[in-house]
Every structure is written in C-alpha cells, then in structure tokens.
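These are my notebook entries on one structure.

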Amino acid sequence: MSLGPALSQSDPLPTSVFLAIFSAVFLPMFLAAVDQTLLATATPAIVEDLGGLRQASWITIGYMLAMAASVPIYGWLGDNFGRAKILMIAIVIFALGSIVSASAGTMDHMIAGRILQGMGGGGLMSLSQSLIGELVPIRQWARFQGYFAAMFTLASVGGPVIGGFVVHAYSWHWLFWANIPLAMLAVWRLNGLHKRSVKPVRQGKFDLVGVVLFPTIITALLYWLSVAGQEFAWLSATSLGFAVFVVLGILGLLLWERRLASPFLPLDLLAKKAVYMPLLTAALFAACLFAMIFFLPIYLQVGLHTNPAKTGLLLLPMTFGIVTGSTIAGRLLSKDVAPKWLPTFGMGLAFIGLLLISFVPPNANVIGGLGVLVGIGLGTVMPSVQLVVQSVSGKARLSQITAMVSLCRSMGAAIGTALFSVLLYSLLPLTGSELGIAAIKTLPTEVVHHAFQYGFMAAAGVALCAAIVGFLSPATALKDHDSETAH
C-alpha cells in the first residue's frame with residue numbers, strides 16, 4: 001500500500017490519501033464495533049447448542065468487561081511501542097479469541113473465547129483512531145468524520161441483521177470463523193501504515209502496578225453495574241463490598257500514580273479542564289445514547305405494540321440523525337468552528353428531542369420520528385470530543401488520551417444503562433423475580449407508558465447536563481501537532 005510522501009500539516013489532505021489510510025484501519029474498527037451487537041440475534045441458537053442459559057448474558061458481559069479493562073493498556077503500549085505494531089498484536093489476540101469461540105463445545109468455553117476476543121477488541125477501536133490521529137492532521141481529519149459515523153452506524157444497526165442471517169442460513173460458528181480472513185486482511189493492510197508511522201520513543205519505566213490495578217478496578221466497577229439488581233440486590237452486602245473495593249482501589253491507584261514520573265494514567269492531561277470536561281461530556285453522551293438504543297426498542301414493542309420489523313424501521317430516523325449530525329460537525333470543525341459549541345448545541349437538541357418523546361401522546365410513528373432530533377444532537381458530540389482531546393494531548397500520547405475517550409464512553413454507557421434500568425423497573429409494579437419483557441407485557445398499558453415517559457425524561461435531564469458541561473468547557477481551538485515530528 002503506497003500512501004506517498006508524508007504530507008505537511010498545511011497541505012490539504014487529498015480524499016484519496018485519507019481513504020487509503022482509513023481503509024487500513026476500517027476493518028479493525030468495524031470488527032470491534034460490530035462484535036458488540038453481532039450476537040444479539042445469535043445468542044438463542046448458541047444457548048440451544050451449548051446449554052448454560054443462566055450464563056448466556058456473559059457472552060456479552062465478558063466481552064465488554066475485557067474490552068473496557070484493556071483499552072487503557074493498549075493506549076500506553078501504543079504510545080511507547082508503536083500504534084500500528086500494537087494494533088496488529090491486538091488483531092491477532094482478537095482472532096485467537098474468535099477461534100476459541102468458534103470451536104466452543106460448552107458455554108464456559110464460549111465465554112473464555114469471548115473474554116479473549118474482548119482483550120483484543122480493546123485495542124482495535126482506540127488504536128485505530130489514534131493511528132489516524134498520528135497520520136492525519138487534526139484539522140483536516142475533521143473533514144472526514146462522516147466516514148466514522150457511517151462505520152459506527154453500520155456496525156450498530158448491521159450487527160444484529162448480519163448475525164440473524166448467518167444463524168438462519170448457516171451456523172453461529174461462522175460468525176466467529178469469518179473474523180479470521182478479515183483479521184488477516186487487516187494485518188496485511190496495517191503493515192503499510194506500520195512502515196509509514198513515526199517510530200516511538202519509550203516514555204519511562206513500565207508501570208506494572210498501574211497496568212494491573214486499573215483494569216482490575218474497572219472490571220469490578222463494570223461488573224457491579226452490570227449485574228447489581230439481578231444477581232444481588234443493590235443494597236446487599238455483596239454490592240457494598242464491590243463499592244468499597246472500587247472506592248479504595250481508585251484512591252490507592254491515584255496515590256500510586258502521583259508518585260511516578262511516567263504513570264500509566266496521563267494524570268497531567270486528565271487534570272486539564274480542556275480534557276476532563278470533554279471526557280465528562282462523552283460519558284454523559286454515552287448514557288443518553290445507550291438509553292435510546294436499549295430502551296426505545298423495548299418501549300416501541302412492549303408499550304406501543306409494534307412488531308420487530310416496524311421497530312427496526314422506527315429506529316432508522318435516529319440512525320440517520322447520528323450520521324447527519326456527525327457529518328455536519330466534521331464540516332464545521334474543519335472550518336475552525338469552536339469545538340465547545342457543537343456538543344453544547346447537540347446535547348441541547350437531544351434534550352429537546354428526549355423531552356418531547358417523554359411528553360407526546362404514545363404514538364409509535366411520532367416517537368420514531370422524534371428520534372431524528374435526538375440522533376442529530378448525539379451525532380455532534382464524539383467528533384468534537386475526539387479531536388479536542390487529541391489536539392490538547394499532543395502526538396506523543398495520542399493513544400493514551402484516545403483510550404481515555406473510549407473508556408469514558410464505556411463507563412457512561414454502563415452507568416447510564418444501570419441507572420436507567422433501576423429507575424424504569426422501580427416505576428413498574430413488579431417484584432424482583434418477575435422482572436423481564438414477558439412480565440412487563442402483562443401490565444396495563446398506561447402503567448408502562450408512565451414508566452417509560454419518566455425514563456426518557458430522566459435521559460433528557462442527562463442530556464441537559466451534558467449541554468451545560470459543553471457550555472462550561474474552555475473554548476479550545478483545534479491545532480495540528482506541527483512541531484512534533486517524533487514521539
């Protein structure tokens with residue numbers, strides 16, 4: 001793959017050159033994104049073959065926990081040893097996990113494979129984006145945000161469709177075997193970028209304590225948020241134990257990291273308002289996004305009695321809105337619009353859309369149509385957040401700060417989904433043993449409407465908080481890493 005000579009920061013980036021770079025990192029990003037939703041329609045078939053119904057949720061939870069916990073590790077490794085090189089290693093780990101999952105004969109075997117996949121998947125997304133940040137000037141990258149929005153949307157919407165088709169026409173095993181040739185193709189394409197990328201310079205002694213302690217804390221936190229209220233009560237001794245472990249672990253980690261000259265966590269960057277405010281915006285954004293992804297389809301099917309096919313169609317306006325919002329945001333950022341105003345406006349628009357959903361009469365078509373407002377608003381957030389923190393961080397720590405963005409997005413999604421679930425189910429007159437879609441269908445329609453309307457009202461409140469955080473963020477201008485020719 002020839003990308004030609006290195007471009008200066010001031011030269012306009014030809015679309016053909018960007019597409020050559022993007023095509024090399026597209027497969028890793030797509031594999032990581034689609035694997036989060038690919039098994040949604042395949043899980044019943046897997047359970048039918050392997051048994052272990054009670055463990056089935058760990059097909060998804062195991063992958064997500066391993067992915068979230070490993071993201072910051074890949075960020076540090078990428079900055080210190082080369083982003084393209086570490087990304088290729090992550091792809092190999094992901095492919096090995098796919099082989100283990102494809103050959104699974106028991107549910108435990110399957111979960112082990114999914115965890116191994118997640119350990120590789122943690123590097124696919126963050127390293128792909130930081131690699132583009134290394135090779136493409138920041139202000140010029142903004143022009144091409146529509147490609148990323150289209151990729152994420154295709155993965156989110158296409159995952160369940162692809163999974164359902166493969167299971168129906170062939171076997172769930174092929175969902176994993178198909179990753180192998182794609183991974184080989186991705187490594188081959190990335191080899192060209194590896195030769196082109198800047199050779200990194202080691203930034204200090206390896207922080208083994210931080211590398212071990214941080215993912216342990218994150219895994220415990222996300223596990224607690226994922227299963228509390230289901231496996232054990234929120235106010236139980238087990239739940240309290242998790243809370244104490246997480247709080248003490250965070251305090252201990254911070255004390256340790258502050259002692260080091262080259263800590264695993266970029267504490268100096270995270271202390272900057274121009275970094276932690278956009279990261280907080282990303283977490284609040286993810287909470288709203290996943291509230292829509294998980295609860296809007298349930299509301300449409302259970303509360304408004306739409307069939308699965310129509311539900312899918314009613315989600316298209318939100319999908320279209322996300323792509324549109326991201327594309328518009330990229331164009332505005334490339335014209336030097338202050339990045340802080342995009343999430344401020346976008347989350348304000350999402351606030352209006354969510355508030356309207358919570359107040360309008362329960363009409364499926366109207367609610368689905370309002371999803372376009374929410375989608376356009378949400379679509380403006382990640383382009384601005386991603387580019388701002390990469391601009392502030394400098395090229396030497398692109399991978400670390402990009403990993404922090406991915407981590408905040410995962411944390412926001414997990415915390416938001418957990419809290420929205422608690423609120424929603426607390427408004428429904430069901431006991432703990434009755435929670436589930438089947439039980440909700442037995443309730444009076446008015447009760448279901450009431451619960452979901454309050455849920456979307458709460459999501460609107462989170463969107464408003466995100467808009468306020470965006471407004472209070474410093475007006476940071478995007479700047480290319482002109483002076484940085486090496487790490």
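**Entry 1: Cavities**

I began with the lining of the largest cavity, to which α13 (273-303) and α18 (381-393) each supply at least two residues. I took helices as DSSP runs of H or I with at least four residues, and strands as E runs of at least two, numbered from the N terminus. I note that this is a predicted model, in which local features need pLDDT of at least 70 and side-chain atom pairs count only at pLDDT 80 or more, while totals for chains, interfaces and linings use all residues. Residues are numbered from 1 along each chain as its sequence is written, and side-chain values use heavy atoms, with hydrogens and water left out.

For cavities and pockets I used a 1 Å grid over the protein atoms alone: a cavity is a set of points where a 1.4 Å probe fits but cannot get out, a pocket is an open set with protein on both sides within 12 Å along at least five of seven lines, and lining residues have an atom within 4 Å of a point. Grid points are joined across faces, edges and corners, and a volume is the space filled by probe spheres set on the points.

I searched the whole structure and found 3 cavities of 30 Å³ or more. The largest cavity has a volume of about 110 Å³. Its lining consists of 13 residues, and P278, P339, K340, V388 and S473 lie nearest the centre. I sorted this lining into 7 nonpolar, 5 polar and 1 charged. In this sorting Ala, Val, Leu, Ile, Met, Phe, Trp, Tyr, Cys and Pro count as nonpolar, Asp, Glu, Lys and Arg as charged, and the others, Gly among them, as polar.

The second largest cavity holds about 80 Å³ of space. I list its lining as A291, F295, F420, L424, F452, G455, F456 and A459. By class, the lining of the second largest cavity has 7 nonpolar residues, 1 polar and no charged.

I then turned to the second largest pocket, where about 440 Å³ of space lies. Of its 16 lining residues, F214, I218, I250, L265 and L407 are the closest to the centre. I found that α10 (208-227), α11 (237-259), α12 (267-270) and α19 each supply at least two lining residues. Helix α19 gives the most to this pocket, with 5 residues. Which classes make up the lining of the second largest pocket? It divides into 16 nonpolar, no polar and no charged.

**Entry 2: Nonpolar cores**

I defined a nonpolar core as a set of buried Ala, Val, Leu, Ile, Met, Phe, Trp, Tyr and Cys residues joined through side-chain atoms within 4.5 Å. Buried means under 20% relative accessible area, exposed over 50%, and partly exposed in between, with a 1.4 Å probe and protein chains only.

The largest nonpolar core has 82 residues, and F285, M292, M347, L354, I367, L378 and F456 have the most contacts inside it. Helix α13 contributes the largest share of this core, 17 residues. A second, separate core of 51 residues includes F22, A90, M107 and A155.

For contacts I required heavy atoms within 4.5 Å. Leaving out residues up to four places away in sequence, L378 touches F285, C288, L289, G346, M347 and A350.

**Entry 3: Cysteines**

How many disulfides are there? I counted 0, a disulfide being a pair of cysteine sulfur atoms within 2.5 Å. The sulfur of C465 is too far for a bond, because the closest cysteine sulfur, in C288, is 8.9 Å away. C465 counts as partly exposed, because its relative accessibility is 40%. C408 is at 19%, and therefore counts as buried.

**Entry 4: Single residues**

I placed R409 in helix α19. R409 counts as buried because its relative accessibility is 18%. Its contacts, not counting residues up to four places away in sequence, are M125, Q129, A282, F285, A286, M382 and Q386.

G229 is in the loop between α10 and α11, and counts as partly exposed at 36% relative accessibility. The C-alpha atoms of G229 and S421 are separated by 9.2 Å, although the two residues are 192 residues apart along the chain.

H305 lies in the loop between α13 and α14 (308-314). Its phi is near 60°, a positive value in a residue other than glycine. Most residues other than glycine have a negative phi. H305 counts as exposed, at 59% relative accessibility.
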